[in-house]
Amino acid sequence: TAPCTPGDIECNKVIRGVESANFLRSPEFQRKGNYVMFLYMVSIGQRPVTPAELSTKNDPALNDRPHYVEFMTDLQSISTPNDDPQLTESKKAALADAWMLRVEIQNKYGGLSNTAFVQALLDTAGVTIPNQQALVDDLNAGRRTRAQVLRAIAESPEVSARFYRPAFGTMGYFGYLHRDPEDCHNPNNWTGGDVNQCGYIFHNNRFALPFDPAEIENIMVRGFIESPEYRQRFGP
């Protein structure tokens, strides 16, 4: 993008939004940030992104995940100096192994057969994948562990296609505001009594705008870094 002319405030805001959004779009962030985000979305649940989902995801304690603190802790666990590829790979594998040992995960999946385990992950994610039976066969034959299957699903193109946009919106809250998104189950968070004005759903609704997807992402980022909350808490 051409440099802005002196005093062109709007141009500077546009450039700032694009450059900031590029961090969320970067290959490193996709490998790490989205990996952690998708582990939650595949094995635990997701925030409702539409008003219709509020009625089906009616327990925020189970579905409004991940929370800011837990996400940042897990992301830190796979942080590597200079994005070292081998170290990143080993840390991602270690996180998946540890993930399967968490009490929450053991309680949900520990007693399931291999077939039921794979199906339960896919049901939680709300996706179908072409290699479902192959993953079950690998588990039965000992060629893969459950942690490896969890990771295979979390890193599948089907999961990325389904959750890239909600993850991008959630990252806006985590990265810029350092907090969870609004709980849209709570009508007190609906501006003017309209659930579509609940912050998290409002931001996700932006993806329905008839613009280039990258431009929508840039607009979303500007919404965060130009918001009164961001400016009051973190400066101009």
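Is Cys-198 buried or exposed in the predicted model? Cys-198 has a relative accessible area of 0% and is therefore buried, where buried means under 20% relative accessible area, exposed over 50% and partly exposed in between, computed with a 1.4 Å probe on protein chains only. The model is predicted, so that local features need pLDDT of at least 70 and side-chain atom pairs count only at pLDDT 80 or more, while totals for chains, interfaces and linings use all residues. Residues are numbered from 1 along each chain as its sequence is written, and side-chain values use heavy atoms, with hydrogens and water left out.

Two disulfides are present, a disulfide being a pair of cysteine sulfur atoms within 2.5 Å. Cys-184 is bonded to Cys-198 with an S to S distance of 2.1 Å. The torsion about this S-S bond is about -95 degrees, so the disulfide of Cys-184 and Cys-198 is left-handed. This pair links distant parts of the chain, 14 residues apart, with both Cys-184 and Cys-198 in the loop between helix H11 (157-177) and helix H12 (199-205); helices (H or I, at least four residues) are DSSP runs numbered from the N terminus. Cys-184 counts as buried because its relative accessibility is 4%. The other bond joins Cys-4 to Cys-11, at an S to S distance of 2.0 Å. Here the torsion is about -80 degrees, and the disulfide of Cys-4 and Cys-11 is therefore left-handed. With bonded cysteines counted along the chain, the pattern is 1-2, 3-4.

One cavity of 30 Å³ or more was found. A cavity is a set of points on a 1 Å grid over the protein atoms alone where a 1.4 Å probe fits but cannot get out, and lining residues have an atom within 4 Å of a point. The volume of the largest cavity is about 30 Å³. Its lining consists of Leu-24, Phe-29, Gln-30, Asn-34, Tyr-164, Phe-168 and Met-171. Helix H2 (27-43) and H11 are the elements that give two or more residues to this lining. By class, the lining residues are five nonpolar, two polar and no charged.

The largest nonpolar core holds 61 residues, a nonpolar core being a set of buried Ala, Val, Leu, Ile, Met, Phe, Trp, Tyr and Cys residues joined through side-chain atoms within 4.5 Å. Among the residues that touch the most other members are Met-37, Trp-99, Val-118 and Ile-153. Val-118 is in contact (heavy atoms within 4.5 Å) with Gln-132, Val-136, Leu-139, Val-149 and Ile-153, not counting residues up to four places away in sequence.

Methods
1 Å grid on protein atoms, 1.4 Å probe; cavity = no way out; pocket = protein on both sides within 12 Å on 5 of 7 lines; lining within 4 Å. Points joined across faces, edges and corners; volume = space filled by probe spheres on them. Nonpolar A, V, L, I, M, F, W, Y, C, P; charged D, E, K, R; others polar.
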